[in-house]
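Please look through the sequence and the model below before reading on. The paragraphs after them are meant to be read with both in view.

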Amino acid sequence: MSRNLLILAAAPKLSELRDTLVRLEDTIIFALIERSQFKHNSNIYAANEMRFRDGYSGSFLSWFLKEVESVHAKVRRYQSPDEYPFTDNLPDPVLPPLEYPPVLVDPQSININDEIFNMYVNTVVPGITAQGDDTNYGSSATRDIECLQALSRRIHYGKFVAESKFQDPKTHDEYVQLIKEKNRDRLMELLTNVHVEEQLLKRLKAKALIYGQDLSTASLSPDGSINANGRALLGLNSLSASSSEVSDDKIKTRVDYDLVVSLYRDYVIPLTKEVEIEYLLHRLDNN
Ligand SMILES: O=C(O)C(=O)C[C@]1(C(=O)O)C=C[C@@H](O)C=C1
């Protein structure tokens, strides 16, 4: 029997992993809302645009990421199999290592944070922020790091999802066969669940719509009760006799809900699947 099959612990159930992915949707939406309150501040993404007293050359965000990740590395953040750094040459932890049950094969070998970083800086930030510069560089970069960490955690979670699918007795043999054949296309078909993806995108739109509400203004009456607009937005329309007051125009929210949906549809889900495929293709390397 293979060395890996002997030493790996049972992977969490797919339903438990999906629960974590659902929770991470909330983290990601709130992080995007936090970032979107500041302007684009493109200065912080351009190399050599800002002068550093310590002589660093690169963008302000890259400098800040390195500083933050250095501190986090010292408290062993990146020893956890679901945390991946964006920068390298990080310091060793000051704490002794923790014993994680070995669920993944070679968890550190796949890290697509460069791709996530470029997607975030070039596509997400310009989409969720207003153009311009409000000089809130530190605040913007702090929120950027929160968004990046949440997206990275979510996307690399694909390794646990892939391991769970690989260990599932119903599909195990088929996965082994396709991995041996290095059949990327069929692996993609086998790990894809269109229904789960459709449900996710619907749920995401509803969440972004609800979490993005500014309940203090548009949705509240002067006495603090939820008005017709708020009732409609929170799905209470059927209880409201005066729902006709609510306009059908696109609802203005703190983060564009269609953008959140396209972020997931075009990047988060495809990148998660890329991680799943890469993980599976190397799953039998040491056997
Ligand atoms: O839930 C799964 O089965 C996953 O593989 C995760 C995920 C996703 O990224 O949300 C990716 C692929 C599937 O088609 C469905 C959902």
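Predicted model: local features only at pLDDT ≥ 70, side-chain atom pairs only at ≥ 80, totals over all residues.

Residues are numbered from 1 along each chain as its sequence is written, and side-chain values use heavy atoms, with hydrogens and water left out.

The secondary structure of the protein chain consists of eleven helices and zero strands, where helices (H or I, at least four residues) and strands (E, at least two) are DSSP runs numbered from the N terminus. Of the 287 residues in the protein chain, 43% are buried; buried means under 20% relative accessible area, exposed means over 50%, and partly exposed lies in between (1.4 Å probe, protein chains only).

Where does the ligand sit? The ligand sits in the largest pocket. On a 1 Å grid over the protein atoms alone, a pocket is an open set of points with protein on both sides within 12 Å along at least five of seven lines, whereas a cavity is a set of points where a 1.4 Å probe fits but cannot get out; lining residues have an atom within 4 Å of a point. A molecule sits in a pocket or cavity if more than half of its atoms lie within 2 Å of its grid points. Helix 6 (158-167), helix 9 (194-211) and helix 11 (257-281) are the elements that give two or more residues to the shell around the ligand, and helix 11 gives the most, with four residues.

There are 14 residues around the ligand, of which Arg18, Lys165, Asn193, Glu197 and Glu276 come nearest; a residue is near a molecule or strand if one of its heavy atoms lies within 4 Å of it. An oxygen atom of the ligand is 2.6 Å from an N or O atom in the side chain of Arg18, and an oxygen atom of the ligand is 2.7 Å from an N or O atom in the side chain of Lys165. For Asn193, a polar backbone atom is 2.7 Å from an oxygen atom of the ligand. Taken alone the ligand exposes 360 Å², and the protein buries 99% of that; accessible areas come from the Shrake-Rupley method with a 1.4 Å probe, and for residues only the protein chains shown count as cover.

Lys165 also belongs to the buried residues of helix 6, among them Gly158, Phe160 and Phe166. Helix 6 as a whole is mostly covered, with nine of its ten residues buried.

Two single residues can be compared by their surroundings. Ala208 has its place in helix 9, and it counts as buried because its relative accessibility is 0%. Leu220, in the loop between helix 9 and helix 10 (228-233), is partly exposed because its relative accessible area is 29%.

Terms used. Polar contact = N/O pair within 3.5 Å; in protein donor to acceptor, adjacent residues only side chain to side chain.
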